[in-house]
Amino acid sequence: MASLPLLLLLLWGVGSHGFPAVTSDTQEKDVEMVQKYLENYYNLKDDGKKMVKQRNHRPVVEKLKQMQKFFGLKVTGRPDAETLHVMQQARCGVPDVAPYVLTEGNPRWEHTDLTYRIENYTPDLSRAEVDRAIEKAFQLWSDVSPLTFTKVSEGQADIMLSFVWGDHHDNSPFDGPGGNLAHAFQPGPNLGGDVHFDEDERWTNDFRDFNLYRVAAHELGHSLGLSHSTDIGALMYPNYIYSGDVQLSQDDIDGIQAIYGPSQNPIPPTGPQTPQPCDSKLTFDAITTIRGEVMFFKDRFYMRISHYSPDVEQNFISIFWPNVPNGLEAAYEAAERDEIRFFKGDKYWAVRGQDMLYGYPRNIHKSFGFPRTVTSIDAAVSEEETGKTYFFVGNKYWRYDEYKQSMDAGYPKMIADDFPGIASKVDAVFQKDGFFYFFHGTRQYEFDPKTKRVLSLKKANSWFNCRNY
């Protein structure tokens, strides 16, 4: 069996903030990648030299700091492992920082009834599938703004969409599979508003490779005048993330309405907001340990604290588990089976590492023996030493024996009787170093199960490296 550090690396290979720093012997290919990335997306001027190898070369240091700040990384000005990892992710080809001449005047369309034309089609999908993906992408933006979009089949349209390869004569050549997926031009004449998709990619209508609907929706934001967002939950975030559903965040909606005004819908459209780890009002849907780490779940996101970094890693749940639903209600680690179990409604999912186990989701009534009156689980935690799992529902709790795979007799019991001082309803709970940590709203209770006493009361996000609450 792999050692714990190796297991952690295997599990957290996507989006991890836990890799050791890269030293001065950065490999040649990394040097070239860093320089090309900064030239493409951060307007680093190419003087024909490998400037990244010159450790104190000020333009490179400043551009690296700019990139690290944009992505919420630790600002070091060095191409450390965390920075290299972000640079290796597939992304939009539009720069995060463009020369001023390209963004001067905040370009916008002067008319709101726009036309579009699909010039050619990818062989990866049927024409009907491409048409539908593009139509849905436009609809995302028309639903939240005064803009309308009409498809035309010939002639010049405001927004022309095409699938192209390599150097396609717009001074922004594609780079082959992965990396730069697509790009779009800001509103204006000629190339203005046009969208180009890299035909070297494999385009899909699901979670595999690169979802055309997801990429098109992002690129159309550029076609309408939006730049990249630093909000990882926004559709206009530069790196490709497919979370199973494509939607505009509140950040995206605020951006497009700042350009074109509010939607004409009598009910103002709203979008999800990305939880902020250091928000003093932050609450959690579920929390669990996983191979020595702690993961906090909120809406579509996880937040993770690790041994390797004091910083909070935040990303979409779907990055690790595409088939696990958003808005989880409970989660716990069954350490003896090396499983994590996620609960929502009367269903639960089980994963090992990043792999969904066969036959899930399953029903909580058949698997655990809950009565039909229990329609969902509020929180769950398992004691590795005893093999007992505690399920909290309303003001009661059940105890399940993982070894016997049956519910213990005499349950449910009142939470207040066996966990004095804990709120009558538990939002989330996990165990660490022999203590239980209960969460209710913005409060967290450290509980000693041996003495049955609350040892301390803290903010829910006290595990994060936040200086001010």
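**A strand on the inside**

Tutor: Let's begin with strand S8 (residues 286-290): five of its five residues are buried, so S8 is largely enclosed by the rest of the structure. Buried means under 20% relative accessible area, exposed is over 50%, and partly exposed lies in between (1.4 Å probe, protein chains only). Strands are DSSP runs (E, at least two residues) and helices are too (H or I, at least four), numbered from the N terminus.

Student: What should I know about the source of the coordinates?

Tutor: This is a predicted model, where local features need pLDDT of at least 70, side-chain atom pairs count only at pLDDT 80 or more, and totals for chains, interfaces and linings use all residues. Residues are numbered from 1 along each chain as its sequence is written, and side-chain values use heavy atoms, with hydrogens and water left out.

Student: Back to S8. Which residues point which way?

Tutor: Ala286, Thr288 and Ile290 point one way, Ile287 and Thr289 point the other way, and all are buried. In a regular strand the side chains alternate between the two faces of the sheet.

Student: And what does S8 pair with?

Tutor: Strand S9 (residues 293-298), in the antiparallel sense over five bridges. Two strands count as paired if DSSP finds at least two bridges between them. Ile287 has Phe296 as its bridge partner in S9. The two strands form a hairpin with two residues between them, and Arg291 in the turn has a positive phi of about 50 degrees.

Student: What does Ile287 touch?

Tutor: Leaving aside neighbours within four places in sequence, its contacts include Phe296, Ala331, Val429 and Phe439. Contact means heavy atoms within 4.5 Å. Ile287 is buried, with a relative accessible area of 1%.

Student: And Val429, buried or exposed?

Tutor: Buried, at 2% relative accessibility. Val429 lies in strand S22 and, not counting residues up to four places away in sequence, touches Ile287, Ala379, Ala380, Val381, Phe392, Tyr437 and Phe438.

Student: What sheet is S22 part of?

Tutor: An open sheet of four strands in the order S22-S23-S24-S25, with antiparallel pairing. Strand S22 (428-432) and strand S25 (453-459) stand at the edges with a single partner strand each, so one side of each has no neighbour in the sheet. The twist averages 20 degrees from one strand to the next; axes are lines fitted to C-alpha atoms (for helices over the stretch in contact), and angles run from 0 to 180 degrees between N-to-C directions.

Student: How many bridges join S24 and S25?

Tutor: Six, with strand S24 covering residues 443-448. Phe447 stands opposite Val454 in S25.

Student: Switching topic: where's the other annotated patch?

Tutor: A "binding site" annotation, also from the unreviewed UniProt entry, covers Asp175, Gly176, Asp198 and Glu201. Those span 27 residues of sequence yet cluster in space, with a largest C-alpha distance of 10.0 Å.

Student: Where does Asp175 sit?

Tutor: In the loop between strand S3 (159-164) and strand S4 (182-184). Asp175 counts as partly exposed at 38% relative accessibility. A polar atom of its side chain lies 3.1 Å from the backbone nitrogen of Asn180.

Student: What about Gly176?

Tutor: Gly176 lies in the loop between S3 and S4, and counts as buried at 11% relative accessibility. Beyond its neighbours within four places in sequence, Gly176 is in contact with Asp198, Asp200 and Glu201.

Student: Last one: which residues touch the most other members of the largest nonpolar core?

Tutor: Ile134, Trp141, Ile159, Leu161, Phe197, Trp203 and Leu224, out of 44 residues in that core. Helix H6 (127-142) is among the elements giving two or more residues, and H6 supplies the largest share, seven residues. A nonpolar core is a set of buried Ala, Val, Leu, Ile, Met, Phe, Trp, Tyr and Cys residues joined through side-chain atoms within 4.5 Å. A second, separate core of 35 residues includes Ala330, Ala350, Tyr360 and Phe391.

How values were computed:
UniProt positions are given in the numbering used here, feature names are shortened, and annotations may be inferred rather than shown by experiment. A polar contact is a pair of N or O atoms within 3.5 Å; within protein, one must be able to donate a hydrogen and the other to accept it, and residues adjacent in sequence count only if both atoms are side-chain atoms.
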